[in-house]
Amino acid sequence: MSAHKQIQSQFYDYIQGGLKSDEHSIIDTHLASCTMCRCKLEELKRFIESPVFSPELPSDKLPPEYWNNFALEVEQKIRTYEIEKREYSLSLWDWLNSLFIFHKRQIIAVSSALTIVCMAITGWLLYVPTLVDEKIALPEISSSQFMEIDQKVGEYLHKSKTLLVGISNLDLEEKSPIDVTAEKKASRNLVQEARYLKNQPLDIRSARLIGDLERIQIELATIKDDAAIPRIEMLREGIHRGNLLFKIRMAESMYEMPRLMNVNNIYSGDRK
Amino acid sequence: MMAADEQQLILRVKEGDHEAYRVLVGRHMKHAYNIAYGFLIDHDDAEDIAQESFVRIYESIQSFRGEASFNTWLYRIVTNLSLNKLRQRKNTNHRITNLPHQSAMNIISPPDDTSYQDVKPIIERALHALPTLQRAVVILRHLNGLSTKQVSEILRCSEGTIKTHLHRGMKKMKTQLTEIKDEVI
């Protein structure tokens, strides 16, 4: 909105004296320098004050008797409304009553069915908490044990990541057979860890990831030296397709892996 | 903020005092009627809407917490009911081509009020040519003399919006009045 339009939108309140003193003085300052707005203000003033557009209230044209009856009519309407409300509740009761008289058998059948349904729901509601309790009661694990499991999962994931990165970085270009003894040994150890962790209470996503990693590690542990290259290529493809390294990184952030853990010892024999 | 006296009355109405409600109705009935008439330009409809508003107020007075003033609450109900009525009229193809409406107003207007009868229909036509919100602002602010703040509360708009709509509405009214006057002459 332009400055002129903004000023002009205040003219009505300016004329009627509905502006604050600071707003009033802003308009005064503008009017002092703007002939166009001054003209517009005069036009509006003339229009508002002209007898043609003087606000004449329709209520003034009605006789006092009319207003005396007005409140009484409102009261009458309120009373009618209250009676209607009462009649509605009464008619609802009558309707239910007549329904019971004329359709006694159906009503009994329906109410019996409803009772059975209600009882079934109540029974189910009473039974479900015991099931939940049982589920909760099964693994009685203290918080320190949970922390220990979390730490183990973290370690396992970190070791798995190192192994998978190692596999991904193996140089397969050379035609000579490659030595994967260290990787096989590390995989065997990790399979043991995975089997242990699978029996622990884990969230679904971690359990699924550990399952996927375990399959890769079993493949790697049982690899034959003479067919190592094609198998490793297949495994790499599997790692890539399953987006396993990304999933491990995501899971690691959840388990807060101790950052200073020395993982180089997973290749316990060290590659020579 | 509500006057303490009005708060007392509302409390009494909440406790079931019919006399207190009669006083409240007496205080606000003319304003309610004027607002409704501004929108509907029909005595019977305006009367119906004004009375209906008071019945609605009575129905829901228990839930009135006094956050807004009683006036604002009542005028908002009157405005909404009037706008609904206008919508109903539109749906039933009731056009305001038969303005000026002269049934009830002619009967109850003083016989010597010829100048009013001449000018009023022209103003009403000009008013009804405005878009709904502009019309509502002109009716509430100019014809009923409510403050900009009160109008903004009733129509749930900012004060700036009300000022803009009023400015535009008045401008259009002026143009319309000139056009209609030329037509009539």
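Predicted model: local features only at pLDDT ≥ 70, side-chain atom pairs only at ≥ 80, totals over all residues.
Local features here need pLDDT of at least 70, side-chain atom pairs count only at pLDDT 80 or more, and totals for chains, interfaces and linings use all residues. Residues are numbered from 1 along each chain as its sequence is written, while side-chain values use heavy atoms, with hydrogens and water left out.

**Exercise 1.** Find which residues of H11(A) are buried (under 20% relative accessible area with a 1.4 Å probe, protein chains only), and state where they lie around the axis.

*Solution.* Start with the helix, a DSSP run of H or I with at least four residues, numbered from the N terminus. Next, list the buried residues, which are Leu244(A), Leu245(A), Ile248(A), Ala251(A), Glu252(A) and Tyr255(A). They cover an arc of only 125 degrees, taken from the directions from the helix axis to the C-beta atoms, and therefore sit on the same side of H11(A). Finally, the face turned away from that side carries Ser253(A) and Met254(A), which are exposed (over 50%).

**Exercise 2.** Work out which helices of chain A each supply at least two residues of the lining of the second largest pocket.

*Solution.* The volume of this pocket is about 270 Å³. Its lining includes Arg205(A), Asp212(A), Lys247(A) and Met254(A). H9 and H11 of chain A are the helices that each supply at least two lining residues.

Conventions:
Chains lettered and ligands numbered in written order. 1 Å grid on protein atoms, 1.4 Å probe; cavity = no way out; pocket = protein on both sides within 12 Å on 5 of 7 lines; lining within 4 Å. Points joined across faces, edges and corners; volume = space filled by probe spheres on them.
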